[in-house]
Amino acid sequence: MDRRSLTDPTFYFSLTMAVLAFGLDRAHKAYQVSADCISVGAAKCVEVLVSYVPFAMTGWRGGEIVRVTDFFDYVLVWNTGVSYGLLDGMPVWGLGAIMLVAIAALSVWWVRAETPLIRMGLALCIGGALSNALDRLLYGAVADFFHLHWGTWSFYIFNIADVAITFGVILLIADLIGIGRPSKSAA
């Protein structure tokens, strides 16, 4: 990192967005998930096997389901793997190690990034990944809440951190295809 990076407003704006993505996801989970579930990697609440309609919107332990529309439910599902449940059988410490390496690599890339789009995309990915990594430490799994489905077909269950990561990847793809870069004039 050089002095030029520290005077670039996109550096601080992207840092703010990373903190915002992290903070919104943490605040949502602090409000929704029962404090009894915190057990530093021990997964005390993960083994709930029933679905039920909760009495309140706080203190959830897993298995709660509130139907919002025909294609969207608000739930609490514990994801013990990574995206889409990949690496589900891996121990928490192993997933944590993979996530820390990924976050470190993204952070190095973020510091070295030269375009605002890349920096913003990476910041959103880092903020979301840090929050999901903290879930693994606190709960032993990631708390997911938003369930999109159609009939018996389940598309995706995600959280605010996943939304931040998805938007971050979209920004990285936008930069890859040239959006946000100055056009080169023909000489």
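Let me begin with Lys29, which is buried, with a relative accessible area of 0%; buried here means under 20% relative accessible area, exposed over 50%, and partly exposed in between, with a 1.4 Å probe and protein chains only. Please keep in mind that this is a predicted model, in which local features need pLDDT of at least 70 and side-chain atom pairs count only at pLDDT 80 or more, while totals for chains, interfaces and linings use all residues. Residues are numbered from 1 along each chain as its sequence is written, and side-chain values use heavy atoms, with hydrogens and water left out.

Lys29 forms a salt bridge with Asp135, the closest N and O atoms being 2.6 Å apart, where a salt bridge is a side-chain nitrogen of Lys or Arg within 4 Å of a carboxyl oxygen of Asp or Glu. Because Lys29 lies in helix α2 and Asp135 in helix α4 (residues 116–139), the pair ties together parts that are 106 residues apart in sequence. Asp135 also counts as buried, at 0% relative accessibility, and a network of salt bridges links Asp25, Arg26, Lys29 and Asp135.

Asn159 itself counts as buried, at 0% relative accessibility.

Turning to another salt bridge, the side chains of Arg67 and Asp70 meet at 2.0 Å, N to O, and here Arg67 counts as exposed at 60% relative accessibility, as does Asp70 at 56%.

Conventions. Helices (H or I, at least four residues) and strands (E, at least two) are DSSP runs, numbered from the N terminus.
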